[in-house]
Amino acid sequence: MRYVMHLVERNDGVPYLERDPVALRDASLEAITVLVENDLARLGDVNPDFEPWPLSTDEALQRLRREWWDPEKDLRPGNICWLQNTPAGDEVARRIEAARDT
C-alpha cells in the first residue's frame, strides 16, 4: 500500500508531504481498483506466504476501503493488505520493463 501511494505521488509530481491525505488515499485506491478489476493483482495477507482474501473482487475492494478509512494512517507493509501480481500482472510488468530497455 505504501508503495502504491509512493507511485501515485511520483506520478502527480507533488511531494507526499504536500499532498492532501484524502486525495492521495483516494488516488491510490483508484489505482489498486484498476489493477484488481483487470486481474493484474490480488489482495490478501501474508501469513507467512501470500494468502489471497477469499472474497469476490468487489468484496475485497470494499474490505480494502473499509480498513483504510483513515487517510493519514501510518502505512506499514501488510497492516491493511498485500498486493500480489497475477500471471497477467507479471506479463504486463515484463512488457513495461522491456519497453524501458529499448
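Is Thr-33 buried or exposed? Thr-33 is buried, with a relative accessible area of 11%. Buried means under 20% relative accessible area, exposed means over 50%, and partly exposed lies in between (1.4 Å probe, protein chains only).

## The model

This is a predicted model: local features need pLDDT of at least 70, side-chain atom pairs count only at pLDDT 80 or more, and totals for chains, interfaces and linings use all residues. Residues are numbered from 1 along each chain as its sequence is written, and side-chain values use heavy atoms, with hydrogens and water left out.

## Overall build

The protein has four helices and three strands. Helices (H or I, at least four residues) and strands (E, at least two) are DSSP runs, numbered from the N terminus. Along the sequence, the pattern reads α-α-β-β-α-β-α.

Of the 102 residues of the protein, 28% count as buried. The accessible surface comes to about 6,900 Å². Carbon and sulfur atoms hold 50% of that surface. Accessible areas come from the Shrake-Rupley method with a 1.4 Å probe; for residues, only the protein chains shown count as cover.

Now for contacts. Contact means heavy atoms within 4.5 Å. Take the contacts in the protein with a separation of 6 or more: residues 24 or more positions apart account for 57% of them.

## The sheet

The three strands form an open sheet in the order β2-β1-β3, with antiparallel pairing. The edge strands are β2 (50-52) and β3 (82-85), and each pairs on one side only. Two strands pair if DSSP finds at least two bridges between them. On average, neighbouring strands of this sheet are turned by 55° against each other, direction ignored. Axes are lines fitted to C-alpha atoms, for helices over the stretch in contact, and angles run from 0 to 180 degrees between N-to-C directions.

Strand β1 covers residues 41-46. Three bridges join β1 to β2, and the two run antiparallel. Gly-44 has Pro-52 of β2 as its bridge partner. Val-46 stands opposite Phe-50 in β2. Strand β1 also pairs with β3 in the antiparallel sense, over four bridges. There, Ala-41 stands opposite Asn-85 in β3.

## The hairpin and Phe-50

How many residues join β1 to β2 in the hairpin? The hairpin runs through three residues. Pro-48 is found in this loop between β1 and β2. A cis peptide bond joins Asn-47 and Pro-48, with omega at about -5°.

Phe-50 has its place in strand β2. Which residues does Phe-50 touch, not counting residues up to four places away in sequence? They are Arg-42, Leu-43, Gly-44, Asp-45, Trp-82, Leu-83 and Gln-84. Gln-84 is 34 residues from Phe-50 along the chain. Yet the C-alpha atoms of Phe-50 and Gln-84 are separated by 7.6 Å.

## Two helices side by side

Helix α2 spans residues 21-37 and helix α3 spans residues 57-67. Their axes come within 11 Å and cross at roughly 160°. The helices α2 and α3 are therefore roughly antiparallel to each other. Angles under 35 degrees count as roughly parallel, over 145 as roughly antiparallel, 65 to 115 as roughly perpendicular and the rest as oblique.

The crossing of α2 past α3 is right-handed. A crossing is left-handed if the near helix is turned anticlockwise from the far one by less than a right angle, and right-handed if clockwise. On the α2 side, the contact is made by Leu-29, Ile-32, Thr-33, Val-36 and Glu-37. On the α3 side, Thr-57, Leu-61, Leu-64 and Arg-65 make the contact.

Start with Thr-33, in helix α2. Leaving aside neighbours within four places in sequence, Thr-33 is in contact with Leu-61 and Arg-65.

Next comes Glu-37, also in helix α2. Not counting residues up to four places away in sequence, Glu-37 touches Thr-57 and Leu-61. Glu-37 and Asp-58 are 21 residues apart in sequence. In space they are 8.4 Å apart, C-alpha to C-alpha.

Finish with Asp-39, in the loop between α2 and β1. Asp-39 has a positive phi of about 55°, although it is not a glycine. At 48% relative accessibility, Asp-39 counts as partly exposed.
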